[in-house]
Amino acid sequence: MESFPFPDDLVRAQREWHDTYRALAAPRPRRTTELRRRLLALSVLIHWHPFWSTSPGRTPAARVELRRRTGRDQGAQDAA
């Protein structure tokens with residue numbers, strides 16, 4: 001499996017995206033407008049990040065790996 005050199009700010013944004021998505025998916029979430037705006041802003045930041053213009057970032061596998069890595073990390077934090 002490939003290991004991609006993701007920049008820290010991109011990993012942080014993806015983790016925040018997962019956190020925001022989970023908060024929005026919770027039963028009867030509060031501050032839904034704020035959460036949706038945050039999710040949209042993070043989505044734009046992630047989608048247009050300069051990393052995707054680099055050689056390692058051009059592969060679809062890089063996007064999948066970023067989501068997998070940050071989602072798994074969050075699951076491990078929840079279990080701790």
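I take helices (H or I, at least four residues) as DSSP runs, numbered from the N terminus. The model is predicted, so I note that local features need pLDDT of at least 70 and side-chain atom pairs pLDDT 80 or more, while totals for chains, interfaces and linings use all residues. Residues are numbered from 1 along each chain as its sequence is written, and side-chain values use heavy atoms, without hydrogens and water.

**Entry 1: threonine 70.** I located threonine 70 in helix H3. Is threonine 70 buried or exposed? I found 1% relative accessibility, and therefore list threonine 70 as buried (under 20% relative accessible area; exposed is over 50%, partly exposed in between; 1.4 Å probe, protein chains only). I then looked up its polar contacts (N or O atoms within 3.5 Å, one able to donate a hydrogen and the other to accept it; residues adjacent in sequence count only if both atoms are side-chain atoms). The side chain of threonine 70 pairs with that of histidine 18 at 3.1 Å. A polar atom of the threonine 70 side chain also lies 2.9 Å from the backbone oxygen of leucine 66.

**Entry 2: glutamate 65.** I checked salt bridges (a side-chain nitrogen of Lys or Arg within 4 Å of a carboxyl oxygen of Asp or Glu) and counted 5. Glutamate 65 meets arginine 68 at 2.7 Å, N to O, and arginine 69 at 3.5 Å, N to O. Shared partners join Glu65, Arg68 and Arg69 into one network. I record glutamate 65 as buried at 7% relative accessible area, whereas arginine 68 is partly exposed at 33%.

How values were computed: Helices (H or I, at least four residues) and strands (E, at least two) are DSSP runs, numbered from the N terminus.
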